[in-house]
Amino acid sequence: MIRKTNFHFLPFLPFRKYTFLLFFAVSTISTVHSQEITGENKNNIATILQERPSTIKALETALKPALQDTLVLTYFIDSSKKRKYHLGEAFALNQLGAIYQKKASFKRAITLHTAALSASELAVNLEIKVFSLNMLSLA
């Protein structure tokens, strides 16, 4: 005959409840804080838009610190659209699409790469058009 024990984890239940709340509060605070574009990034983007680099390599070098930052890339896309800097817009759309592609969000990546292809046609730049087509084929 197997004897059952009536051992319950009731004393630990409140601890689990408060641990979850503490974890949620800390993660929310850190997430909210990280959703800001720094002044340094804004100045960097303003400089890029003023200089208007004409090659992908120059854009990549100028945006190197922010190539994986979706918030900065989105800000750069919006700023490029306002200034009609289609080369920069297409480049940033491709970079953003690559980020979503790595996260296996393929529909979003294809949408971004298609938008980049449209912007590259407005830029009348063969290099960015080929780059956009290549990125679209990878998605």
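A quick word on what we have here. This is a predicted model, in which local features need pLDDT of at least 70 and side-chain atom pairs count only at pLDDT 80 or more, while totals for chains, interfaces and linings use all residues. Residues are numbered from 1 along each chain as its sequence is written, and side-chain values use heavy atoms, with hydrogens and water left out.

Now the overall picture. The protein has seven helices and zero strands; these elements are DSSP runs numbered from the N terminus, helices being H or I with at least four residues and strands E with at least two. Of the 139 residues, 30% are buried, where buried means under 20% relative accessible area, exposed means over 50%, and partly exposed is in between (1.4 Å probe, protein chains only). Taking contact as heavy atoms within 4.5 Å, 58% of the contacts between residues at least 6 apart in sequence join residues at least 24 apart.

Let me zoom in on helix α6, residues 106-123. Its 18 residues should span 26 Å at 1.5 Å a residue, and the end C-alpha atoms are 25 Å apart, which agrees. That expected span is 1.5 Å times one less than the number of residues.

Which residues of α6 are buried? They are Ala 109, Leu 112, His 113, Ala 116, Leu 117, Ala 119 and Ser 120. As a reminder, an α-helix has 3.6 residues a turn, so residues three or four places apart point the same way. The cover over the buried residues of α6 includes α5 (86-102) and α7 (126-138). After α6 comes Val 124, with a positive phi near 50°.

My example from α6 is Ala 116. Ala 116 counts as buried because its relative accessible area is 0%. Setting aside residues up to four places away in sequence, Ala 116 touches Ala 90, Leu 93, Asn 94 and Ser 132. Ala 116 and Leu 133 are 17 residues apart in sequence, and their C-alpha atoms are 8.9 Å apart in space.

Finally, over to α5, where we find Gln 95. Is Gln 95 buried or exposed? Gln 95 counts as buried because its relative accessibility is 15%. Beyond its neighbours within four places in sequence, Gln 95 contacts Leu 67, Leu 73 and Phe 131. Thanks, everyone!
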